[in-house]
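Hi everyone, thanks for coming. Let me put a structure on the screen, and then we'll walk through it together.

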Amino acid sequence: MAENNATPEITQVVNVPKAKRRGSTMAKRNAIAGILWTLPFTIGFIAFMLVPMFETLQMAFSNVTIDIPNHSYVKEWVGLKNFDYILNADPIYKRQLLESLGNMGLQIIAVLIFSYFVAFLLNQEFKGRAFVRAVFFLPVILSSGILLNLDTNNSLLNGISTLIKESNNAASRVTGVLEDILASGNSQMSDLMQTIFDLVNSVYDIAIASGIQIIIFLSGLQTIPASMYEASKMEGCTGWESFWKITFPMTSSLIIVNVVYSIIDFCTRSDNVVMSQVKATMLQKMDYGLTSSMAWLYFACIAVIVGLVTFIISKWVYYYE
Amino acid sequence: MSYWERNRLSHGYLLRKSIRKWSISIFRAVLLFGLCFLIVQPLLNKLSVSFMEERDLYDSTIISIPRHFTTANYTKVAGLIKYQTALINTLWVSLLSSLLQIISCTMIGYGFARYKFPFRNVLFACVMLTIIVPPQTIMSSLYLHFQFFDFVDFFGIFKMITGKSITQVSLIGNGVAYFMLAATGMALRSGLYIFMLRQYFRGVPKELEEAAYVDGCGKIRTFIQIMLPDARPMLTSVFLFSLVWQWTDNFYSTLFFRKITLLTDNLGSIPEKLMDVRTNTPATTAYGQMMTATGMLITIAPLLILYLFAQKGFVESLSQTGIKM
């Protein structure tokens, strides 16, 4: 028996120096494995992201002409001419850019508040919760891609929904009078009120833009341990206090995620005016230089905003653990 | 002890508390019902409009219940957008690209979550970059890159410098370009999927794999036999997202799928198509939009059915990933 046991040990002893000779430690093999697993991304990133990014940046500063007989295209450096054109000569680009950025700011604040509020509601226990969650998530599917664009442009359906809104006479009369009182006049206060009323009126746009954000906040709310609330209740904390002292700090790290997601979602949606203008310029005018400069200017604005917002919010985000 | 007796003993506290509880839940029910109605209403409007005849649209006494019930809109619009071929094409295009996407994103996400290698964080920052950069920014170069695609000079670096290419084929139109993007984790929202899957795999305890390694299981086998079976709900959810967003996308499809008729291709041009068919009287705006609504309805019908059955797959597994930064 003793002899039988000894044999496998010997083979293993023989194997160890072999592995050492190749010089592969666990860490090294893991590093190689990691590089191999992520290789598709590395290839894709270089070929379909990095090179195109450099090239469009080049195109933004040049005049691109398609050379059909040679099956290629020629870039001719023109400096800032494209940017000069879109900012000073193009009648709509500058206005669209500023409008789009302004709308983005307002909408993202609204989306954040709305999605946090809804997530808070959906985190409570009540009958039919699963159904309500499913409905709130529905726009992620139904208002994606081209459908959103078609929906906003469909005046027939928009007309029907205003008709339905107005048919609730009593309610709209009360809010209408209230709106008239608060939003009339010229003071700054009434401007603010008008903005708020506009936001409330566009609650549908906000609701359909916040499906994913609701789920993200909801997942954050569910990870807060119930023992925290129990402890605070024992110490005499009211619901309001425990919201600001527990719930809000514990979910604050998700605010960054949601802000970044909302910004990106906003600027890649099919009803984004700047982006559709960019695409139209490319497919109709075939002016690749102009297209690139328009897209890069917009992206630069977005990148600056994302960076700034992330920096500011991360200052006061609270990380548990 | 009855309720009122208990209430008297607590000096009215019990009554106040139950009134508050009830009013909160009534308020919540009204609010949630209103919001749900708001979200579902456009869908219901489309449904009611799609069964109307044209004259019903101009009748001011009709809001949502059609007086002249008809299903003619459906057959007409199905012909206009070539529903049968478009449906089959959309189905295989979405399935194939989601499949490629999920394979590549799972691999990449797993690599980021489990292995330490040089420049991992830099590479992951690149993933975040692909999420942030709008595809429209690089679209013009990507389009030209695929228009004059070169398998020898795959990365296009040589071409970028010299402006000449060695061998080339046009990959625009038949979708090959898009499938290449999907296989390398660069397609529609791939960055988001990589991020989600990485978060998921990071949350799986390492002991599982270590036990497998100790027992002599290789890396690939561990991944396929130990990690993948547990990740099934997460993979399903990513697959569903990818399928649905691909289905309704028209950004990449107008760029790369020109020769293939997809469902989203003709949705936007239904009103103009109506003009062609009814040459003697041009279609009115309302009529065109009624048809667009019908077309949208038959486009999303398969997705709605999918969502009815796989609703949990969408919502639940997303909330389990614990997305954090």
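At what angle do H3(A) and helix H7 of chain B pack? Before I answer, a word on the model: it is predicted, so to speak of local features we need pLDDT of at least 70, and side-chain atom pairs count only at pLDDT 80 or more, while totals for chains, interfaces and linings use all residues. Residues are numbered from 1 along each chain as its sequence is written, and chains are lettered from A, with ligands numbered from 1, in the order in which they are written.

Now the answer: H3(A) and H7(B), residues 135-147, pack at about 105 degrees, with axes 8 Å apart. Axes are lines fitted to C-alpha atoms, for helices over the stretch in contact, and angles run from 0 to 180 degrees between N-to-C directions. That makes H3(A) roughly perpendicular to H7(B), a label for 65 to 115 degrees. Helices here are DSSP runs (H or I, at least four residues), numbered from the N terminus.

Who meets whom? From H3(A), the residues include Phe48(A), Met49(A) and Glu55(A); from H7(B), they include Ile138(B), Leu142(B) and His145(B). This contact divides into seven nonpolar, five polar and one charged residue. Nonpolar means Ala, Val, Leu, Ile, Met, Phe, Trp, Tyr, Cys and Pro; charged means Asp, Glu, Lys and Arg; the others, Gly among them, are polar.

Let's zoom out. In total, 82 residues of chain A are in contact with 89 of chain B, contact being C-beta atoms, placed from the backbone, within 7 Å. H3(A), residues 39-60, gives the most to chain A's side, with 16 residues. By class, that side has 57 nonpolar, 21 polar and four charged residues.

How values were computed:
Two residues are in contact if their C-beta atoms, placed from the backbone, lie within 7 Å. Helices (H or I, at least four residues) and strands (E, at least two) are DSSP runs, numbered from the N terminus. Angles under 35 degrees count as roughly parallel, over 145 as roughly antiparallel, 65 to 115 as roughly perpendicular and the rest as oblique.
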